[in-house]
Amino acid sequence: MNGKDLSGISQQEFEKQQHVLDVEKWLASERAGCDLCGTFPWCGQCVKAEKYPCAKAKLRAEMERAMDELVDEIIEKEKKKDFSSPADESAKIEDETALREIAEDEIAAADLAKETDEAIPEGYEYVVRYRRSFQAKLIQSELLQDLYTEVKNALLTLGGVKTRMCHGSENFRAGDKKIAKLAAGSKKLWLYLALDPNECDEARYRFEDVSDVKAHRETPVRVKITGSRHTYGLADVGCIYTDFHYSYKTDEQLVEEGLIKPYTALVKIKTKK
């Protein structure tokens, strides 16, 4: 979502954050013995041609994560997820769709209230942006679909694992325990695992501890896709390999299906040179 307008933040703030991130990148690269530029969680949001690229990319990633967390939190409040009745799967899908619409309508209503109740500052205007669901991101990216198909098939080889698609992610559970979650950036697929970050081998695996984020407390280890996974004592029962690729759809089609939600954003009017 590199199109997010960031004009509300001063250049001084971006410059300060960029300096901090430059130091962190240098220290991490020194420890690793190689240049780690392009491997950090926010790198998928990077526009290298702009000024202070790391600082702006990190802010975009945080904005996207916060929006996904807000939608998921509303859904969780409306109804506790239940994975115990596979025979009633069609009803669950209908319920989930309704809950997603409730969550998105609440956010859209908040956007509308902001638009109507506040005067537009001079030099700014309201424009339409698009809030993309996890499924929408998959549908419009063949690369993400390739990774998603491989990882989902690997997780489903574990006995008793069930899956459910939410607005911002897809959750994998064994009984009442969430063991993994898949989410996507603009170009990267992220795997969240219910592992203890303190017990993970940092020298062997590159991961991020996200336990301080409420939405990830059940799955606090975030990693790029690797060939290793924790089994939680579940048997590898194997599964029939399934192709989880989607047919491409346009923004207009996904908006009509409710997988992309338009919303209004207040941005600075660009001056023509």
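How much accessible surface does the protein have, and what share of that surface belongs to carbon and sulfur atoms? The accessible surface comes to about 15800 Å², and 52% of it belongs to carbon and sulfur atoms, where accessible areas are taken from the Shrake-Rupley method with a 1.4 Å probe and, for residues, only the protein chains shown count as cover. The model is a predicted one, in which local features need pLDDT of at least 70 and side-chain atom pairs count only at pLDDT 80 or more, whereas totals for chains, interfaces and linings use all residues. Residues are numbered from 1 along each chain as its sequence is written, and side-chain values use heavy atoms, with hydrogens and water left out.

The secondary structure consists of six helices and eight strands, these being DSSP runs numbered from the N terminus, with helices (H or I) of at least four residues and strands (E) of at least two. Along the sequence, the elements follow the pattern α-α-α-β-α-α-β-β-β-β-β-β-α-β. Of the 273 residues, 39% are buried, a term that stands for under 20% relative accessible area, with exposed meaning over 50% and partly exposed in between (1.4 Å probe, protein chains only). When contacts (heavy atoms within 4.5 Å) between residues at least 6 apart in sequence are considered, 69% of them join residues at least 24 apart.

Six strands form an open sheet with antiparallel pairing, in the order E2-E3-E4-E5-E7-E6, where two strands pair if DSSP finds at least two bridges between them. Strand E2 (161-165) and strand E6 (207-209) each have a single partner strand and stand at the edges, so one side of each is left without a neighbour in the sheet. From one strand to the next, the twist averages 25 degrees. Helix H5 (residues 142-156) packs on this sheet and touches E2, strand E3 (170-174), E4 and E5, with its direction making about 25 degrees with that of E5; axes are lines fitted to C-alpha atoms, for helices over the stretch in contact, and angles run from 0 to 180 degrees between N-to-C directions.

Strand E3 is largely enclosed by the rest of the structure, because five of its five residues are buried. Glu170, Phe172 and Ala174 point one way from E3, while Asn171 and Arg173 point the other way. On the E2 side, the antiparallel pairing with E3 extends over five bridges, Val161 stands opposite Ala174, and a hairpin of four residues joins the two strands. E3 also pairs with E4 in the antiparallel sense over five bridges, with Ala180 in E4 as the bridge partner of Phe172. The hairpin between E3 and E4 has two residues between the strands, and Gly175 in its turn has a positive phi of about 65 degrees. Further along, strand E4 (residues 177-184) is joined by five bridges to the antiparallel strand E5 (residues 189-193), and Ala184 stands opposite Leu189 of E5.

Arg222 lies in strand E7 (residues 221-224) and counts as buried because its relative accessible area is 10%. Residues up to four places away in sequence aside, Arg222 touches Pro41, Trp190, Leu191, Tyr192, Phe207, Glu208 and Val210. Its side chain makes polar contacts with the side chain of Tyr192 at 3.0 Å and with that of Glu208 at 2.7 Å; a polar contact is a pair of N or O atoms within 3.5 Å, of which, within protein, one must be able to donate a hydrogen and the other to accept it, and residues adjacent in sequence count only if both atoms are side-chain atoms.
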